[in-house]
Amino acid sequence: MSIRFVFVVYLLIISFSSHAKIYSWVDEKGVKHFSSYAKSTDAEEVQLEAPVSQWKKTEIKIIDEGFDLTESERERIRRDVVAVYEFFDKKLYFDIYKTVPVSIKAFGDKQAYVEYIRNHKGISRQSKDNSHNTLGIYLPKFNEIVIYQQKYRERSFSTIKHEVSHAITDTLTPFVPSWLNEGIAENMETIGFEKGGFSIGPHLINYNHMKKHKRESKLLPVKEFLSLTSKEWRKKNIRSGYVMQTQAGELTRMLLSTDTGLNFISRLMHNYKRGDKTIAFYLVDDEYFGGTGMLESKWSLWVNRKQSDSIAL
């Protein structure tokens with residue numbers, strides 16, 4: 001079957017409704033034709049089946065363990081999850097054709113959350129020991145997001161979006177560096193839709209922490225930051241009191257704020273999606289316009305800026 005034939009049939013499939021008939025016939029020159037009505041007594045009806053889309057509507061299982069979610073809040077969670085999926089699909093070009101199966105378990109208080117994590121089989125000792133410092137967690141082995149109701153309720157919903165980002169990244173591109181995985185997740189906390197497009201709102205916690213860490217000279221130069229292996233980054237993140245997480249969030253936010261930076265993130269993600277394990281620093285000169293010097297310069301300006309408005313994507 002020729003490529004031309006396949007292309008013609010595809011056009012016909014998408015051009016007619018499911019109730020329309022398609023006929024084919026061969027003329028005196030031996031050329032095969034297609035139309036929506038029989039132009040020849042020899043015309044035969046073509047039995048075609050349109051390709052079935054593999055996209056599955058996002059179905060998120062929400063388990064309420066004392067959180068007392070209202071139906072409107074459940075609907076909001078579903079919309080938030082869709083926004084994160086669409087960002088990966090439309091802005092990072094992941095061509096997501098099915099959702100990553102995830103259930104969300106929402107506890108009413110932190111104590112119940114910590115006890116659940118610490119008593120859960122199959123979770124690493126480090127995650128269990130560190131559970132009291134986290135707002136939520138994604139458990140890859142179980143495709144489960146676990147959160148708890150925080151004093152500022154809005155932050156609980158932001159945490160869900162954060163963990164959904166981890167679920168997508170860990171499932172589709174497991175080799176992505178920890179800083180980039182965390183940086184994207186931090187920014188998904190405030191993602192939404194505005195004027196027909198994506199919008200990433202201000203992240204006041206990260207902004208204020210970044211200013212504080214800068215005054216205390218705790219932020220790393222970009223070259224050093226991007227040269228860390230994922231294992232080194234995670235260790236340094238915990239030992240530093242999550243300074244690395246703040247820097248990852250703000251560095252990623254800076255990149256998302258420009259087309260050049262967004263393209264850089266997309267290229268990095270696809271490199272790692274293909275199985276590349278190169279440390280990010282060694283990819284900057286090839287993948288980022290202006291190279292390391294330009295990236296360092298923009299970061300220097302970024303950490304000294306005033307709080308920015310939402311980022312339109």
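Is Y282 buried or exposed? Y282 is exposed, at a relative accessible area of 55%. Here, exposed means over 50%, buried under 20%, and partly exposed in between, with a 1.4 Å probe and protein chains only.

1. **Basis.** This is a predicted model, where local features need pLDDT of at least 70, side-chain atom pairs count only at pLDDT 80 or more, and totals for chains, interfaces and linings use all residues. Residues are numbered from 1 along each chain as its sequence is written, and side-chain values use heavy atoms, with hydrogens and water left out.

2. **Overall make-up.** The protein chain has 13 helices and ten strands. These are DSSP runs, numbered from the N terminus: helices are H or I with at least four residues, strands are E with at least two. Of the 313 residues, 46% count as buried. Take the contacts in the chain with a separation of 6 or more: residues 24 or more positions apart account for 63% of them. Contact means heavy atoms within 4.5 Å.

3. **Aromatic pairs.** The whole structure holds ten aromatic pairs. One of them joins F193 and F198; the ring centres are 5.2 Å apart and the planes stand at 35°, so this pair is tilted. Rings of Phe, Tyr and Trp (its six-membered ring) pair if their centres lie within 6.5 Å; planes under 30 degrees apart count as stacked, over 60 as edge-to-face and the rest as tilted. F198 is buried, with 6% relative accessible area. Another pair is F281 with Y282: centres 5.3 Å apart, planes at 70°, so edge-to-face.

4. **An aromatic cluster.** F193 and F198 also belong to one cluster with F87, F88 and F94. F94 has a charge over its ring: K273 lies over the face, 5.9 Å from the ring centre. The criterion is NZ of Lys or CZ of Arg within 6 Å of the ring centre and within 35 degrees of the ring normal. R305 is placed over the face of W302, at 3.8 Å from the ring centre.

5. **Packing of α10 and α13.** Helix α10 (residues 243-256) packs with helix α13 (residues 291-303) at an angle of about 110°, and the axes are 11 Å apart. That makes α10 roughly perpendicular to α13. Axes are lines fitted to C-alpha atoms, for helices over the stretch in contact, and angles run from 0 to 180 degrees between N-to-C directions. Under 35 degrees counts as roughly parallel, over 145 as roughly antiparallel, 65 to 115 as roughly perpendicular and the rest as oblique.

6. **Who meets whom.** From α10 come Q247, E250, L251, R253, M254 and L255; from α13 come L295, K298, W299 and W302. By class, this contact has six nonpolar, one polar and three charged residues. Ala, Val, Leu, Ile, Met, Phe, Trp, Tyr, Cys and Pro count as nonpolar, Asp, Glu, Lys and Arg as charged, and the others, Gly among them, as polar.

7. **Positive phi.** Most residues other than glycine have a negative phi. D68 has a positive one, near 60°. D68 sits in the loop between β4 (61-65) and α2 and is exposed, at 59% relative accessible area. Y242 also has a positive phi, near 70°. Y242 is in the loop between α9 (230-239) and α10. Y242 counts as partly exposed, at 23%.

8. **E65.** Strand β4 contains E65. E65 is partly exposed, with a relative accessible area of 37%. Not counting residues up to four places away in sequence, E65 touches K105, A106, F107 and G108.

9. **Y85.** Helix α2 (residues 71-90) holds Y85. Y85 is buried, at 2% relative accessible area. Y85 and S165 are 80 residues apart in sequence; C-alpha to C-alpha, they are 8.0 Å apart in space.

10. **S178.** S178 lies in helix α6 (residues 178-188). S178 counts as buried, at 14% relative accessibility. Leaving aside neighbours within four places in sequence, S178 contacts S230, W233 and R234.
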